[in-house]
Structures are given as structure tokens and as C-alpha cells.
Amino acid sequence: MNPKGFLRDLERKPEALRALAGFLDEGDPWPPARPRRVVMIGMGSSRYAAGVAATRLRSRGLAAVADYASLAAGTPPREGTLAIGISASGGTEETIEALAQHRGVSSTVAVTNRPGSAIERAADAVVPMLAGEEQGGVACRSFQHTLALLLALEAATTGAGGVPGAVRRAAEACEDLLERRDAWLPWVADLLAEGPATFTIAPAERLSSADQGALMFREGPRRVADGCEAGDWLHVDVYLTKPLDYRALLFAGSRFDTAIMDWMRERGSRIVAVGRDVEHADLSVRYRHDDDPTVALLAEVLVAELVAARWWNAA
């Protein structure tokens, strides 16, 4: 793992997203069969992306689930099922094994950033991430591209559209955050660094941002960090605001944000809001197109990633 390489990977996000949008302009990358059910299989960042995608598909009436590849008894193979194994490296053993169990019964697709990798042998078809080499050794662009490709799957299976345009707007959002980072990043990084741990909070529809953001704090700078869904925060993480000097990155937009901020204010917690101006937050980080929930899903985690890169490169 390489902290300088990680920062370069983040700086290339706009370029890589625009290339992905061009690829999606050329047509649907997913196999033409329309499944009755979808099971997405992965670990870490791959499962974070899959969890949000499965939620979106269910909201549109399609049976969909995101499984840990490590499940001893995962979703069984069935005719009419589309099983998707997600592995940026193409070598995640748990994912390969779980996907292989579906082959010959379910339709199987591998989503990978490495052509010719082992996961392709467990799949009937391959969807390339096209994230390019991640020099930092951290799944950052590949996580973002996985989300975009799963949005394209949603469009293909439900008739929704506009994914290439959303990906281009996400590129503009990332570009805006990168170009203006000197105006917000030092203050955000310093505020979040002062407590004993760093927490991330996001709406259920964008829970991947909280999970991936916390992972970036752990994986690079080795910071104690954890992610939580906004509504669930009021039932599980609120208790930490009393004993800790609680510092959190709030990916705003949940209907529970006001209740969260009431507790934060009462307990003297310190909060950075992302994507909206949230009353009583210490700081707010805005970016281009942050009123578009799809852009937020694709782009907002860059705030956490840049904080992680700053801490990691300063270590």
C-alpha cells in the first residue's frame, strides 16, 4: 500500500469516471437476460456497493440481495437467478468460491478491474470496472465504478435511464471537491483527527458512503473508525456521544439528521456535514450537484477519502 499512490488514485477520479460514462454510452454492459432475482456477492468495498444496489433494486420490485461471500450458506443457486461476483482484484477467494457454486444453475457474471483474473473462470460473462490501476493499493476508484455499473444494472433491469449523465455529473462533483480542497480539507481533517475515533453516518440509501468512508480511515492511516446508518444511529451509536469526544462525518440527507444533531448539540459532539448545510454542524462541505442523490451516492465518499489521504501522507 502506498499513501502517495492513493492520493494520485483519488485525483484521477474525474478522468476515470468520464471514461466510464463514455463506455456506458456505447450500450448496456450487462448480459441481455432479465432475471427474476439478483444475488450480489462480495467482501469489503464490493459488498458495501452491492448492499446499496440491492436496496435500490428491491425498491423497484425486483428480488435482490447482497451476500457476504464468506457466508457458510449463502443464497442458493436457482434458475432465473443472476449471481454477480464482485472483486476488484479478481482474486478474492471467498467471492470466487461463492460465485462458482452458482455456475451451471444461475446465470453468473463477474465484475472485476483485472481482465483475465481468476474470478472470470467462475462466470458466464464479465463486466469490466474500467477503474484503471489503483497505485495506492486501496479500492477507491474501483468502489466508485462498481456503484456506477450496478446503477447501470438497475437501469437495464427496471427501465430506468440516465446513468451515463449521472456518472458525468459525479465526475464534475469530484473535480469540484478536488479543485477546492485547500478551502475545506485542512479544517475537516483537523477537526475529525482530534477525537479518539472517527465515525461516519449516512442514510440507508447511501450507507455505502459511511461504510467505505470508515474503511478508508482504517485501511490507510489506521484510524479507529466505524460507519452507521442515520436512523439506526439513534438506536446504536448515540450512546457513544456521552463517554467520547465524539467526532463524525455526516453524509447528510436523512430525515433523521435533525434528531441526530439534537443529540450531538446536547453532548457537545463535533460534526462535519457533507452535501448540505446542516444546522449546528461545525463545518459543511458542499460540492457541485450535491442536490442530486445519485451524484451523492457516487461522489460524496471522496470527502472521507481525501481526509484519509491527508492523514496517511502526514504519518
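This report describes a predicted model of a protein structure, from its sheets and cores to a few single residues.

## How to read the model

Because the model is predicted, local features are given only where pLDDT is at least 70 and side-chain atom pairs count only at pLDDT 80 or more, whereas totals for chains, interfaces and linings use all residues. Residues are numbered from 1 along each chain as its sequence is written, and side-chain values use heavy atoms, with hydrogens and water left out.

## The five-stranded sheet

Helices (H or I, at least four residues) and strands (E, at least two residues) are DSSP runs, numbered from the N terminus. Two strands are said to pair if DSSP finds at least two bridges between them. With these terms, five strands form an open sheet in the order E2-E1-E3-E4-E5, and the pairing is parallel. The strands at the edges are E2 (63-68) and E5 (125-128), each of which pairs on one side only. From one strand to the next the twist averages 20°, where axes are lines fitted to C-alpha atoms (for helices, over the stretch in contact) and angles run from 0 to 180 degrees between N-to-C directions.

Strand E1 (residues 37-42) is joined to E2 by six bridges, and the two run parallel; Arg37 has Ala63 as its bridge partner in E2. Helix H3 (residues 45-59) packs on the sheet, where it touches E1, E2 and strand E3 (81-87), and its direction makes about 165° with that of E2. Contact here means heavy atoms within 4.5 Å.

In the loop between H3 and E2 stands Gly61, which is exposed, with a relative accessible area of 68%. Buried means under 20% relative accessible area, exposed means over 50%, and partly exposed lies in between (1.4 Å probe, protein chains only). The C-alpha atoms of Gly61 and Thr158 are separated by 8.7 Å, although these residues are 97 residues apart along the chain.

## A β-α-β unit

Strand E6 (residues 198-202) and strand E7 run parallel and are joined by five bridges, and the bridge partner of Thr200 in E7 is Gly227. Together with helix H8 (residues 207-219), E6 and E7 make a right-handed β-α-β unit. A crossover is called right-handed if, with the strands pointing away from the viewer, the path from the first strand over the helix to the second runs clockwise. Four of the five residues of E7 (residues 225-229) are buried, so this strand is largely enclosed by the rest of the structure.

## The nonpolar cores

In soluble globular proteins, nonpolar side chains tend to be buried together. A nonpolar core is a set of buried Ala, Val, Leu, Ile, Met, Phe, Trp, Tyr and Cys residues joined through side-chain atoms within 4.5 Å. The largest such core in this model has 79 residues, and those with the most contacts inside it are Phe6, Trp30, Val38, Met40, Ile84, Leu153 and Leu249. Helix H12 (residues 301-314) gives the most to this core, with ten residues. Apart from this core lies another, of 18 residues, among them Ala197, Ile201, Trp233 and Ile271.

## Single residues

Ser142 lies in helix H5 (residues 141-158) and counts as buried, at 1% relative accessibility. Apart from neighbours within four places in sequence, Ser142 is in contact with Ala88, Met129, Ala131 and Glu134.

His280 is found in the loop between strand E9 (270-274) and strand E10 (283-285) and is partly exposed, with a relative accessible area of 44%. Not counting residues up to four places away in sequence, His280 touches Met261 and Arg265. His289 belongs to the loop between E10 and helix H11 (293-299) and is partly exposed, at 23%.

## Cysteines

A disulfide is a covalent bond between the sulfur atoms of two cysteines. With the cut-off for such a pair set at sulfur atoms within 2.5 Å, a search of the whole structure finds zero disulfides. The sulfur of Cys174 is 10 Å from the closest cysteine sulfur, in Cys140, which is too far for a bond. Cys174 is buried, with a relative accessible area of 0%, and Cys228 also counts as buried, at 6%.
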